[in-house]
Amino acid sequence: MSLKIVVLAKQVPDTRNVGKDAMKEDGTINRAALPAIFNPEDLNALEQALQLKEQNPGSTITLLTMGPPRAAEIIREGLFRGADGGIVLTDRAFAGADTLATSYALSCAVRKIKDFDIILGGRQAIDGDTAQVGPQVAEKLGIPQVTYAEQILKIENGKATVKRRLERGVETVVVPLPAVITVNGSADECRPRNAKLIQRYKYAKTPSEKQGLSEECLKLYEERPALNLYEWSVNDVDADLDQVGLAGSPTKVKAVQNVVFQAKESKQLTAADSEIEELVKELIANHTIG
Amino acid sequence: MANFFLDNSDLKHHLHHPLMEKLVALRERNYSDAEKYDYAPFNFEDAMDSYEKVLEIAGEISGEIVAANAEDVDHEGPHVVDGHVVYAKGTQKNLDALVKAGLMGISMPRRYNGLNFSLVPYIMAADMVSRADAGFVNIWGLQDCAETIYEFASEEQKQKYLPRVCAGETMAMDLTEPDAGSDLQAVMLKATYSETDGCWYLNGVKRFITNGDGHIALVLARSEEGTKDGRGLSMFIYDRNDGGVTVRRIENKMGIKGSPTCELVFKNAKAELCGSRKLGLIKYVMALMNGARLGIAAQSVGVSEAAYREAIAYARDRKQFGQAIIEFPAVYEMISLMKAKLDASRSLLYETTRFVDMYKTYEDIAKERSLEPEERAEMKAYQKLADAFTPMAKGMSSEFCNQNAYDCVQVHGGSGFMKDYACERIYRDARITSIYEGTTQLQVVAAIRHVTTGTYLHQIEAYEAASIAPELEPLRDRLKAMKEAYVKAVEAVTATKDNEYIDFQARRMVEMAGHVIMGHLLLADTTRNESFRHSAEVYINFGEAEVAKHAAFIAHSTPEMMADYRK
């Protein structure tokens with residue numbers, strides 16, 4: 001059967017290789033110093049979506065992301081890998097959202113998309129590490145959820161069989177569709193960008209990215225509708241202003257500490273048991289091990 | 001997070017050569033595909049932007065996947081299960097990534113689901129994949145056998161096979177046999193036509209077949225019973241789906257261990273004739289080999305790049321006598337010469353690629369419409385240059401690749417002799433480049449007529465007339481003096497009219513021409529991009545001494561002295 005798949009994705013600062021200037025004085029992230037990337041586990045989710053699309057001909061994948069207008073970059077990254085279209089949920093009113101407000105906004109957008117069988121997303125984003133947004137979206141939509149998914153084994157009779165990677169083993173569950181499935185980093189890595197797709201979609205743009213283009217250039221978007229990416233505002237998704245952005249976020253960050261690891265001089269030991277024992281004790285005492 | 005395209009600005013420099021504007025416009029038939037295909041370029045800038053974006057993908061896969069798997073693949077290697085090849089795990093992952101990225105059938109026309117790219121970005125991708133893993137590039141790079149199907153097979157065969165190659169099926173060229181290596185005229189594999197079944201059957205053995213279990217193979221076989229030479233050979237297409245060929249063994253090689261080199265047994269293997277009977281060797285294999293030689297030149301340059309990078313990183317890191325070893329003249333000279341040879345061979349590689357691409361593209365256009373007289377003249381000129389430059393590029397770059405791999409180990413000292421560093425694998429992988437697809441000695445055989453007929457000299461004179469940055473004139477004057485020495489040597493040798501003597505001195509003369517040509521190419525590179533200046537200086541210092549050495553040898557030789565060597 002053909003599926004309508006929605007992939008929730010987030011553009012995040014690349015926190016995997018942070019330098020000294022990763023944080024500003026006030027403890028907020030210095031976004032200028034960190035490249036904006038496709039959240040890694042969302043890429044795992046996209047790969048699951050692409051595999052489902054291969055197994056179920058006629059399926060479509062829509063990427064949904066909330067963020068500033070430049071988040072359209074990750075929609076294109078998705079198109080280059082095989083997604084069919086995308087929406088950027090963008091509005092000043094969405095800014096400053098915690099997971100509650102984010103999941104509310106996303107669920108409003110999903111309701112507007114209306115026709116969907118599966119919502120996939122990464123387990124968590126590398127900037128917040130909460131793993132809350134996927135489950136909250138499921139709750140708000142009133143549909144079942146499967147977390148820690150490693151592989152969607154099959155889709156049959158309106159049910160998905162999903163392998164979950166848990167701390168001490170693997171669990172296989174069956175879930176009725178529509179459902180939200182959040183995907184683990186241990187799932188298949190996302191495929192590379194495709195040579196033909198990157199040529200087909202490199203000019204795909206959102207309305208705000210099209211601003212200032214000449215009439216001549218704009219004609220292209222009439223001739224090739226697939227190049228039009230969408231931007232939805234608070235009004236577009238009929239969201240309640242009190243529940244989005246800062247206003248809708250009960251979580252307040254009280255303080256952020258900048259932990260700087262400092263390299264020390266190396267320490268030389270002889271192979272004597274007593275010295276090694278001393279070292280082990282020291283490492284346990286300072287919580288490096290144990 | 002290595003990207004072998006983005007971390008090497010030299011590639012972008014070669015991609016944006018001034019000839020590309022004309023070349024790409026020809027390839028794209030003035031961008032007429034844009035109406036039919038939504039991934040075809042609208043204009044030159046759009047095409048170049050696509051080339052860069054796709055090369056970025058190839059660079060990412062090379063840097064992050066292929067390079068990361070290279071060591072494991074070298075250890076694990078492929079093996080035979082039930083008469084078929086199972087690749088090393090890393091090899092399969094590399095291949096899957098490149099197939100998913102759509103990097104197969106790169107230069108095939110769009111109507112067969114290819115990307116219709118110029119050969120320049122295709123060879124550039126091969127350059128990067130080779131830097132990552134020289135063994136793996138063979139499996140991926142055999143896609144250029146598709147060129148031979150495209151050029152010579154029937155439309156029906158093209159429609160059957162080319163989309164499969166573009167979708168990721170691998171290829172093989174089954175030429176050599178136990179008694180037919182360099183001498184392919186001795187091929188014995190028997191092709192028999194069955195009137196009852198209306199098809200050909202192949203029987204016999206092939207040996208040293210790279211990726212011998214590929215999905216689609218081009219097979220050279222004897223179709224004319226009773227013949228003994230090349231005129232009795234035809235080219236066939238074997239489809240693995242039809243069966244009939246089994247892998248008897250995989251060779252245990254010194255290097256490129258991830259690439260399965262197979263001994264194949266054909267037992268009534270069904271095959272289709274490709275092109276016309278009897279033209280197998282004399283026409284199609286020659287075309288196939290020229291494409292493959294360009295591929296080996298790219299492989300050589302990629303391995304040279306890997307060797308250079310390993311060497312310079314180690315030399316900066318390794319401290320002896322209180323300083324990094326790169327501070328010592330003996331080491332920094334070695335490293336800068338490695339870079340100069342790398343840059344010189346890469347410039348020659350892309351110059352050759354453009355020549356090949358120009359003439360092949362004109363040839364392809366000629367199938368659609370008759371060429372204008374000036375176009376026809378240009379095609380002929382480029383064809384001649386392609387014929388002259390291909391064996392030179394393959395010969396010189398594979399020798400430089402070996403020299404760089406040798407120096408890379410040398411820079412590592414005792415550590416380089418251990419299995420712990422990548423240089424050891426690079427050293428073993430490099431060794432094949434000057435052997436297969438025609439040894440360096442056979443490249444010289446192909447190149448020598450361009451010494452005697454003046455193709456190289458004519459092109460050198462064209463380089464001398466080209467405009468370069470004025471401050472490079474003193475270097476060009478030295479190249480002119482080197483050319484004079486070359487001309488004098490060629491005159492002295494050819495004046496004897498002794499063919500054996502010409503063969504005896506051939507390699508020296510071809511190398512002299514090569515040094516002069518690569519010197520000019522580096523001056524052109526420096527004119528466009530100052531970063532090549534060091535390599536131009538260093539290479540011309542090196543080439544000048546080499547030319548003088550060969551000139552002295554030839555000046556002191558006579559045909560009579562061959563007796564001392566002949567024994």
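This is a predicted model: local features need pLDDT of at least 70, side-chain atom pairs count only at pLDDT 80 or more; totals for chains, interfaces and linings use all residues.
Residues are numbered from 1 along each chain as its sequence is written, and chains are lettered from A and ligands numbered from 1 in the order in which they are written. Local features need pLDDT of at least 70 and side-chain atom pairs count only at pLDDT 80 or more, while totals for chains, interfaces and linings use all residues.

Trainee: In what order do the strands of the open sheet of chain A stand?
Mentor: Strands are DSSP runs of E with at least two residues, helices are runs of H or I with at least four, and both are numbered from the N terminus. Two strands pair if DSSP finds at least two bridges between them. The sheet has 9 strands with mixed pairing, in the order 9-8-7-10-6-1-4-5-11.

Trainee: Why is one side of strand 9 and of strand 11 of chain A left without a neighbour in the sheet?
Mentor: Strand 9 (169-176) and strand 11 (230-232) of chain A stand at the edges of this sheet.

Trainee: Which residue is the bridge partner of A:T65 in strand 5 of chain A?
Mentor: Strand 4 (residues 60-66) and strand 5 (residues 85-89) of chain A pair in the parallel sense over 5 bridges. In strand 5 of chain A, the partner of A:T65 is A:V88.

Trainee: How many residues of chain B are in contact with chain A?
Mentor: Two residues are in contact if their C-beta atoms, placed from the backbone, lie within 7 Å. Chain A contributes 11 residues, and the number from chain B is 14.

Trainee: Which residue takes a positive phi in the hairpin of strand 4 and strand 5 of chain B?
Mentor: Strand 4 (residues 190-194) and strand 5 (residues 199-210) of chain B pair in the antiparallel sense over 5 bridges. One bridge joins B:Y193 to B:W200. The hairpin has 4 residues between the strands, and the residue with a positive phi, near 65°, is B:G198.

Trainee: What is the radius of gyration of chain B?
Mentor: Chain B holds 18 helices and 11 strands. The radius is taken over C-alpha atoms, and the globule rule is 2.2 Å times the number of residues to the power 0.38. For 567 residues the rule gives 24 Å, so chain B is as compact as a globular protein of that length, its own value being close to this at 24 Å.

Trainee: What separation lies between the centres of domain 1 and domain 4 of chain B?
Mentor: Domain bounds come from an automatic or database domain assignment. Domain 1 covers 1-169 and domain 4 covers 448-566. Taken over C-alpha atoms, their centres are separated by 34 Å.
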